[in-house]
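Trainee: Could you take a close look with me at one part of this model? I would like a connected account of a single residue and its surroundings.

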Amino acid sequence: MLHATAETLLGRVLSGDPIMHVLDLDYMLGLLPILLGYLPLTLEMAGAGMVAALVLACLLAVVRVQRMPGLNALAMLFISFFRGTPLLVQLFLFYYGLPQILTFLVAINGITATILGLTLHFSAYMAESIRAAIVGVDRSQTEAALSIGMTQGQLMRRIVLPQATRVATPTLMNYFIDMIKATSLAFTLGVTELMGATQKEAAGSFLYFEAFLMVAVIYWVVVELLSWLQRRLEKRLNRAYQR
Amino acid sequence: MIALNGITKRFGAHTVFENIDLTLEQGEIIVVIGPSGTGKSTLLRCINYLETPDAGRLTVGNLSLDAKHATRREILALRRRTAFVFQNYALFANKTALDNICEGMIVVDGLSKAEAHARGREILERIGLADKANAYPASLSGGQQQRVGIGRAMAAKAEVILFDEPTSALDPEWVDEVLALMKHLALERQTMIVVSHEMQFAREVADRVVFMDEGRIIEQGPPDELFTNPQDERTQRFLRKVLANNPIV
Ligand SMILES: Nc1ncnc2c1ncn2[C@@H]1O[C@H](COP(=O)(O)OP(=O)(O)O)[C@@H](O)[C@H]1O
Ligand SMILES: [Mg+2]
């Protein structure tokens with residue numbers, strides 16, 4: 001087999017056939033604006049997922065930190081499930097599986113299912129980061145706040161959460177970046193987003209390498225831009241409370 | 001008047017102290033001494049309700065409550081009448097020196113920001129840190145941080161300030177400035193309970209020294225008497241040890 005391949009390769013080289021065709025840059029440049037047209041949908045799904053996940057994660061984190069009876073066990077089960085199973089499985093479960101059980105969900109579309117899946121999946125991770133950040137705020141500051149007569153709510157709002165936010169922000173930015181990349185799974189639910197559109201274009205032109213390279217570059221650039229923002233933010237956050 | 005009657009505290013099966021009685025007149029300054037692990041911190045924390053006592057009554061001014069069954073409102077009221085100075089300062093890391101002092105006035109007492117800042121600056125003046133109003137705790141020395149911690153307690157206008165070993169975490173170079181501030185408060189007859197082994201300070205400032213051992217108040221009296229003529233053998237032994245390391249000049 002190896003022998004045969006080598007022979008063919010050698011034959012092709014000798015006969016002047018190309019063994020690798022040159023990248024079709026013109027095709028890629030033509031593809032760029034088409035694909036960029038789908039970027040907003042990708043960012044919208046990630047943005048909506050991020051906002052919803054943040055809200056849910058904060059609730060979960062507070063339930064966990066306060067050890068609310070009953071709710072705490074539920075939160076732990078939720079977090080364990082959504083961290084313990086692949087996102088793709090969760091998306092299929094929501095999009096294909098759940099409507100069979102909860103029939104009113106038949107109307108759920110791929111975009112909604114993706115946002116729902118991203119929200120639940122990432123909220124589980126983010127809840128743990130937020131919880132760790134809250135717990136990480138020096139316990140003696142909590143006591144100091146209580147000692148002057150502050151309520152639990154005032155203590156959380158004015159002392160703990162501002163400090164926890166600062167600690168958790170870089171990690172949460174990482175999850176946002178992961179979430180942007182994870183939106184590409186929406187194409188398995190039939191959503192024509194960035195990845196789905198690329199797949200269609202590639203199937204039409206047969207230039208799979210060019211098409212997928214192009215979409216990879218788009219994701220890459222978006223992520224790099226966010227990473228740059230993240231580094232600047234981190235620098236500023238590290239400087240806080242130091243003077 | 002501050003009164004503890006029959007205060008008991010347990011951690012699980014371990015009884016830290018049982019039936020503690022202690023009374024202070026307004027303006028009185030007492031220093032509590034005793035071996036470590038005896039329950040001095042726990043006692044102070046019970047007065048501020050950072051620990052929930054298992055039995056007894058707490059009285060601070062016109063507020064008197066059943067310590068075990070205090071309601072949320074009673075607890076908040078008790079905390080407003082008492083202030084705590086922590087061994088490790090426990091300043092709010094996200095607030096400047098001024099805001100650390102003003103936080104309680106704004107959030108708990110409901111003062112306007114302007115009023116609070118005006119009072120906060122007066123307090124900064126008194127603790128000798130007027131130039132550090134906008135500095136965050138991370139950039140202050142240990143001594144400066146503890147002075148802000150005391151400033152925060154002063155701002156609470158509490159009937160009693162509870163000091164839990166306020167100088168024992170400090171590098172020696174910063175101890176004197178903190179003790180000087182506490183002496184200053186004592187001269188103004190701020191009621192205070194100080195857990196500390198600064199014997200010189202106790203000698204100069206305390207109206208009464210209380211010796212605790214194994215969860216009991218063994219002996220108490222004016223510093224001159226207690227230091228020179230301790231009655232109980234445990235007090236004598238403890239004083240010999242402490243005075244050897246921390247002599248009174
Ligand atoms: N949160 C807690 N849980 C369990 N035991 C505690 C706790 N806090 C203090 N103790 C115990 O209570 C006793 C008194 O401690 P403490 O009040 O800190 O003594 P002191 O301040 O005199 O050194 C010690 O035996 C200590 O181990
Ligand atoms: Mg102690």
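Mentor: Let's take Lys40(B), which touches Val32(B), Ile33(B), Gly34(B), Pro35(B), Glu165(B), Val195(B), His197(B) and Met212(B), leaving aside residues up to four places away in sequence; contact here means heavy atoms within 4.5 Å. This is a predicted model, where local features need pLDDT of at least 70 and side-chain atom pairs count only at pLDDT 80 or more, while totals for chains, interfaces and linings use all residues. Residues are numbered from 1 along each chain as its sequence is written, chains are lettered from A and ligands numbered from 1 in the order in which they are written, and side-chain values use heavy atoms, with hydrogens and water left out.

Lys40(B) belongs to helix H1 (residues 40-47) of chain B, helices being DSSP runs of H or I with at least four residues. Lys40(B) is buried but has no salt bridge, and Glu165(B), the nearest side chain of opposite charge, is 4.7 Å away. Buried means under 20% relative accessible area (1.4 Å probe, protein chains only), and a salt bridge needs a side-chain nitrogen of Lys or Arg within 4 Å of a carboxyl oxygen of Asp or Glu.

Around ligand 1 are residues including Pro35(B), Gly39(B), Lys40(B) and Ser41(B), each with a heavy atom within 4 Å. A polar backbone atom of Gly39(B) is 3.0 Å from an oxygen atom of ligand 1, and a polar side-chain atom of His14(B) lies 3.4 Å from an oxygen atom of ligand 1.

Note on methods. Helix = DSSP H or I, 4+ residues; strand = E, 2+ residues; numbered from the N terminus. Buried < 20%, exposed > 50% of the residue type's maximum accessible area, 1.4 Å probe, protein only. Lys, Arg positive; Asp, Glu negative; His and termini not counted. Polar contact = N/O pair within 3.5 Å; in protein donor to acceptor, adjacent residues only side chain to side chain.
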